[in-house]
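Keep the viewer open as you read.

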Amino acid sequence: RRMKVGYALCGSFCTIGKSLEALMHLKEKNPEWEIVPIISEHVATIDTRFGNAKDTVSRAEKLCGRDAVKSIVDAEPLGPSEPLDLMIICPCTGNTLAKLALGITDTSVTMAAKAHLRCDRPLVIALATNDAMSANFRNIAALISKKCVYFVPMRQDDPVRKPHSLVADFSLLETTVKDALNGKQTRQVFL
C-alpha cells in the first residue's frame, strides 16, 4: 500500500513559504506517497503580509492533490480509522508545541497529532517560534524525549535581535523524515 503522510501547517506565517517549498521537494522525491494537507484554522482564515490564506490553502491542496483537513472534526479520524504512516508539522508554532506537550487538543493540527500519536507512529516537528529558548524550552525538552516525536534540526534565526527564537532548517526535513521512519532522531538537533 502507499505510504500516507500528514503534512500540517501552523501559523508561523513568515515561514509558510519555506514550508510549502519543503512540501514540494518532499512530494517530488516521493511521488508514490499520499500526502494529506492539514491546515490550522488560523492559516486557513488569516491574511497576513506574508500571504493570503486562500492562496496558502490552495497551494497546499494543489501540491498534495486533495482537499485539506481544516477542522477538528475532519482531523480526528487520522488515528485508528484513517491512519497516517507519518505526520509532519511544518512549521510548528510555539503555541502548537506547548499544546502538544500539555496534551491540549483544540485545533485541527493538535487533533491530528493526538490521533496520530495514539497509534505510536512518527511525528516530525519543524519548529519556528520566537520563544523557543525561553517560555517554550521546557516544551521542547518534554517532547524531544517522547516516544515517536522527532525534531527537524533548528538554529537561531537572528541571535542579536531575537535571542530566544529558533527556526528549523527546512532543508533537513527530508533527512529527518527518513531518520524518523527508522526510529532515530536526526543529530544534531540544535545547529
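Gly-183 comes after helix 8 and has a positive phi, near 75°. The model is a predicted one, in which local features need pLDDT of at least 70, side-chain atom pairs count only at pLDDT 80 or more, and totals for chains, interfaces and linings use all residues. Residues are numbered from 1 along each chain as its sequence is written, and side-chain values use heavy atoms, with hydrogens and water left out.

Helix 8 itself covers residues 173–181; helices here are DSSP runs of H or I with at least four residues, strands are runs of E with at least two, and both are numbered from the N terminus. Its buried residues (under 20% relative accessible area, 1.4 Å probe, protein chains only) are Leu-173, Glu-174, Thr-176, Val-177, Asp-179 and Ala-180. They pack against strand 1 (4–9), strand 3 (86–92), strand 4 (123–129) and strand 5 (149–151), as well as helix 1 (16–29). Contact here means heavy atoms within 4.5 Å.

Now turn to helix 6 (residues 108–117), where you will find Thr-110. Thr-110 has a relative accessible area of 1%, so it is buried. Leaving aside residues up to four places away in sequence, Thr-110 touches Thr-96, Lys-99, Leu-100, Ile-104 and Thr-105. The Thr-110 side chain also reaches the backbone nitrogen of Asp-106 at 3.1 Å.

Asn-139 counts as buried because its relative accessibility is 8%. With residues up to four places away in sequence not counted, Asn-139 touches Leu-97, Ala-98 and Ala-101.

How values were computed. Buried means under 20% relative accessible area, exposed over 50%, partly exposed in between (1.4 Å probe, protein chains only). A polar contact is a pair of N or O atoms within 3.5 Å; within protein, one must be able to donate a hydrogen and the other to accept it, and residues adjacent in sequence count only if both atoms are side-chain atoms.
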